[in-house]
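Hello,

Here is the structure we talked about handing over. Please open it first, then read the notes below.

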Amino acid sequence: MMQTIIEGVAAPLPIANLDTDQIIPKQFLRGIDKAGLDRGIFYDLRFDAAGAPRVDFVLNQPGYAGAPILLGGANFGCGSSREHAVWGLQQFGVRAVIASSFGEIFYSNAMNNGLMLATVPEEYMECLFALAASSGPIEVRVDVERLEVSSAAGTARFTLSERHRRMFMDGLDMLGASLQHLPAIREFAGRWQQDHPWLKDVAAGARARLDRLPS
Amino acid sequence: MSKTLYRKLVDAHTVVQLDADNVLLYADLHLMNEYTSPQAFAGLAERGLTTLYPGQNVATVSHIIPTHADKLRIIADGDSALQASNLKRNCERHGIPLFDTNDRFQGIEHVIAPEHGMIRPGMVVICGDSHTTTYGALGALGFGIGTTEVEHLLATQTLVYRMAGDMRIRIDGELPPGTTAKDLVLMVIAHIGAQGARGYVVEFTGSTIAALSIEARFTLCNMAVEAGARGALIAPDATAVRYVLDHCPDLAGDAQMRERAVAQWAQLASDPDAVFDIEHRFEAAGLAPIVTWGTSPDQAMPVTGRVPEARHASDTRALQYAGLASGMPLAGVDIQHVFIGSCTNGRIEDLRAVAAVVGGRKVAPGVRAMVVPGSGAVREQAEREGIAAQLIAAGFEWRKPGCSMCLAMNDDVLAPAIRCASTTNRNFEGRQGRGAITHLMSPAMAAAAAVTGKITDVRTLLEHAQ
């Protein structure tokens, strides 16, 4: 069972629409495995063009190194579908992100990897950002069982679907569970292809047609 | 009960209702590229699983491929070359059709799939790429996923799918001369915002949409994801049916199957009294060419306007990154680079639009202008039509197909502070290269920028020509 309490320093990134290109730039996506992605996390924000740490970036500032929680702006993780953003954040030590909204594909990717995302009201985020701006590093606690975020700014509730809660708390294996449905999938596909024969093997069919063309 | 087209497509593809929010959704087609699939294949190998229906999967080398006009393309970067060879090996092992590096028909996934008849109305199409929303143009539900889900798709041809809400965007009126589907979608995104459609599948409707070509509809649906949409749909009409039959010889040549298919496609529409959670209405009249000024696709404005005041900290940040000041006109800003291509605007109609604006003009001194066709077929077609020769004579680089500078994952990367007029879909910070500035616009507008060396209202060139 996963630990249901995530607590520690929360680093503020009050940037709206912080896209996955910025979370992990393209030059870090050339691998065929998941290794070493932490090097690319927030690369252009963390380092200057010469590769030196940027002092203006929160995670380079005293008290924020290794922060397990990020405070994001609205639509955090929008843009590209790259799951490397989630893998990289986890390798970097991030265990939860709190924001008023998240990009949809990023949200699914995070749930599929056990990176907790807590969607809380905009006003609560503003309180957290104001608090961090005035008092420096703040501690935040995310309670996945109670679905609560608590801090010196008070407590905010967030929601989690039953499926995502089970994936996080019980380590539900999504693919393993779906494989149990293989007989139903085969039956569905057989019926579907009978009713829509023009949708069967469209990729193989197209490839075969192109391969038959004179070169 | 009345249903939206979106609900009909999901219901039809539901294998099992898993719980209140999730269904096991069957996919007619699963597309892959070289960079979001390797870990999925590795996951299958770990579990000892195979691909359930290989013929309903397809892969292409698109994101890392160099676009130099070499006869034989060689991927110089070692890691990227490994991604390509790894994709080939995975496809061979799993029996999955592949469009490899030097395949005549290689190209961007969202360009090659419809042009070779792989997209048909009523399908569910899934890909580890956010711009899979493109296929709504043909009445197919398309959307992007992550790599964990790619693995799930390969093993089961299904996805654990969380239902989205229903949004309808109605656009009426004739597109004014000099404007395109790109201007339309940028205008919509600027109005509803980068998360204006987050959580929804958007159905586009109205007389403006009905008058669009299928390639223009691809552009529109492609960029719906830039408003956060989980999908985009346009109910298939006669234009869509004609496009599909033109691109599906197997179907066009089988009268009985064709009639059955066309009859089913006629049912693919929202019921007249179907309820949408949110509706937006826009008028096309008065639309001017739209250009982005910031670092999010919703930071967009008519080329005739002045750069807006910052409303939020993110606007201030974007203005600073883009090197622009509130109140200055956007037209007249110097550009150093032009990029024409991508899954948004890398099709033959886009290249024809570029050629029409360029005419006998030349690329302005000091400007580097690249044309990267979306696929091998598009490139060949443009060469047959004389577009390639015309653009080369004008000073454009005529390159090989790929995603190229849309995300700059290959060696087509902009240097810092270079300002680029781009037909792509994202103007994010650093997207085309660290510190480089992207202005999204239509192919016609990018052509106008290429020949004038600055952001230019293409209508001034069109009037001049008349």
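This is a predicted model: local features need pLDDT of at least 70, side-chain atom pairs count only at pLDDT 80 or more; totals for chains, interfaces and linings use all residues.

Two strands count as paired if DSSP finds at least two bridges between them. Together, strand 6 and strand 7 of chain A make a hairpin, with two residues between them. To find the pairing on screen, look for Val149(A), which sits opposite Ala156(A) in strand 7 of chain A.

Now the domains of chain A. Domain 1 covers 5-173 and domain 2 covers 181-212. Their C-alpha centres are 40 Å apart.

Chain B also has two domains. Domain 1 spans 5-163, and domain 2 spans 290-465. Between the centres of these two domains of chain B, taken over C-alpha atoms, there are 28 Å. The two domains touch: 20 residues of domain 1 of chain B are in contact with 22 residues of domain 2 of chain B. On the domain 1 side of that contact, eight residues are nonpolar, nine are polar and three are charged.

Next, a sheet in chain B. It is open, has four strands in the order 11-10-9-12, and pairs in parallel. Which strands form its edges? They are strand 11 (231-233) and strand 12 (278-283) of chain B, each of which pairs on one side only. On average, neighbouring strands of this sheet are turned by 20° against each other, direction ignored. Strand 9 (residues 165-172) of chain B and strand 10 (residues 200-205) of chain B are parallel and joined over six bridges. One pair to look up is Met167(B), whose bridge partner in strand 10 of chain B is Val202(B).

Then the contact between the chains. How many residues of chain B are in contact with chain A? There are 76, and they meet 59 residues of chain A. Helix 5 (residues 147-156) of chain B gives the largest share of chain B's side, with seven residues. By class, that side of chain B holds 30 nonpolar, 29 polar and 17 charged residues.

Last, confidence. Chain B has an average pLDDT of 97, and 99% of its residues score at least 70. For the complex, the predictor gives an ipTM of 0.97 and a pTM of 0.98.

Best wishes

Key:
Residues are numbered from 1 along each chain as its sequence is written. Chains are lettered from A and ligands numbered from 1 in the order in which they are written. Two residues are in contact if their C-beta atoms, placed from the backbone, lie within 7 Å. Ala, Val, Leu, Ile, Met, Phe, Trp, Tyr, Cys and Pro count as nonpolar, Asp, Glu, Lys and Arg as charged, and the others, Gly among them, as polar. Domain bounds come from an automatic or database domain assignment. pLDDT is the predictor's confidence in each residue, from 0 to 100. Axes are lines fitted to C-alpha atoms, for helices over the stretch in contact, and angles run from 0 to 180 degrees between N-to-C directions.
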